[in-house]
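Let's go through this one by question and answer, starting with rings and charges and ending with a helix.

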Amino acid sequence: MTTSIPAALACGPFTTATAAELGVSRKVLRGSRFVRLFPGVHAVADLELSGADLVKAAQLAVGPHAAASHESGLLVWGVDIGTRGSVHLTTHRRSPTVVDGITMHRCLVLGAVADVGGCRVLCPERCLVDAATRRTVTDLVIAGDWLIRLGHMTYESFFEFVHTFHFDGVVKSRRVAEHLVNGSESPRESLVRMMLVLAGLPAPACNVSYGDESQIFARLDLSYVEWKVAVEYDGRQHGLDLAQRERDIRRREAMERLGWTFVVVTAAQLGKPRAIVHRVHQTLRSRGYDGPAPDFRREWQLSFEK
């Protein structure tokens, strides 16, 4: 007779001790209905685990003294820029537990620690600074814009954090703070904006609405109002219904009647970032922009030509 799985075990990672309290033995845990995630931590085999679930599992394996940090902490806050293999946790203990698949960081001062979905995690500002030891400025701006969009931090709270504390990664994070905005609405939008800004082009406005005295015609992803140039990321070409396509066409035509011109960036074009920057630069020049040509310096190359 097969024992049913307790409901408390079916919703995420759990420890061997928790399973035993609910009547599930170690022998049963070794069966096909469960998977071992880390030593002493399991999950139901057919449960689809999120990245945040794996971070929680790692924390259960190490103990409550640790908190999610770096990219793993960002995952817990709902921002996924990839963890590159290991789960990252930070502890104040001198001799952290060593577990395969978990990278432990030691810091005497953890600062503010939150509980998000049952997982201990450092504050979003700290996670972003920690990630700066491993990721590019563009990766971090994408994550920072996303955290602001989700309401987990503000531009002001991050600026204050990086000018108050001196954790590893804070110097790069101050550079990141220069580029965060309150209006970005998608990671791809942040990516395209950083392609332009790190190449030396003017910073476009994010998600500003435009129209005439009678009505608003459009809310543009990225815009240069001085030259009436709009840059829009369109990753939806194959997912729109005819009605939405028609609305987009009418919106764009209305803006063109007001003298705007559009540079549309598709998902397929993201693999050629220099070409995107040159297209925007050429369009700006055709509208009277007389600033310098794009400069693909090392910081730009590290972000877009890895």
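Q: Which residue lies over the face of Phe-167?
A: First, the ground rules: this is a predicted model, where local features need pLDDT of at least 70 and side-chain atom pairs count only at pLDDT 80 or more, while totals for chains, interfaces and linings use all residues. Residues are numbered from 1 along each chain as its sequence is written, and side-chain values use heavy atoms, with hydrogens and water left out. A charge counts as sitting over a ring if NZ of Lys or CZ of Arg is within 6 Å of the ring centre and within 35 degrees of the ring normal. At 3.8 Å from the ring centre, the residue over Phe-167 is Arg-126.

Q: Which ring has the charged end of Arg-252 over it?
A: Here the charged end is 5.1 Å from the ring centre. The ring under Arg-252 belongs to Phe-262.

Q: Are the rings of Phe-161 and Phe-165 stacked, tilted or edge-to-face?
A: Rings of Phe, Tyr and Trp (its six-membered ring) pair if their centres lie within 6.5 Å; planes under 30 degrees apart are stacked, over 60 edge-to-face, and the rest tilted. The whole structure has 10 aromatic pairs. For Phe-161 and Phe-165 the centres are 4.7 Å apart and the planes are at 40 degrees, so the pair is tilted.

Q: How many residues apart in sequence are the parts that Trp-227 and Tyr-289 tie together?
A: The two form an edge-to-face pair, 5.2 Å centre to centre with 85 degrees between the planes. Trp-227 is in the loop between strand 10 (216-224) and strand 11 (229-234), and Tyr-289 is in the loop between helix 11 (273-286) and helix 12 (298-304). Helices (H or I, at least four residues) and strands (E, at least two) are DSSP runs, numbered from the N terminus. So the pair joins parts whose separation in sequence is 62 residues.

Q: How many of the 12 residues of helix 9 are buried?
A: Helix 9 covers residues 187-198. Its buried residues include Glu-189, Leu-191 and Arg-193. Helix 9 is mostly covered, and the buried count is 10.

How values were computed. Expected span 1.5 Å × (residues − 1). Buried < 20%, exposed > 50% of the residue type's maximum accessible area, 1.4 Å probe, protein only.
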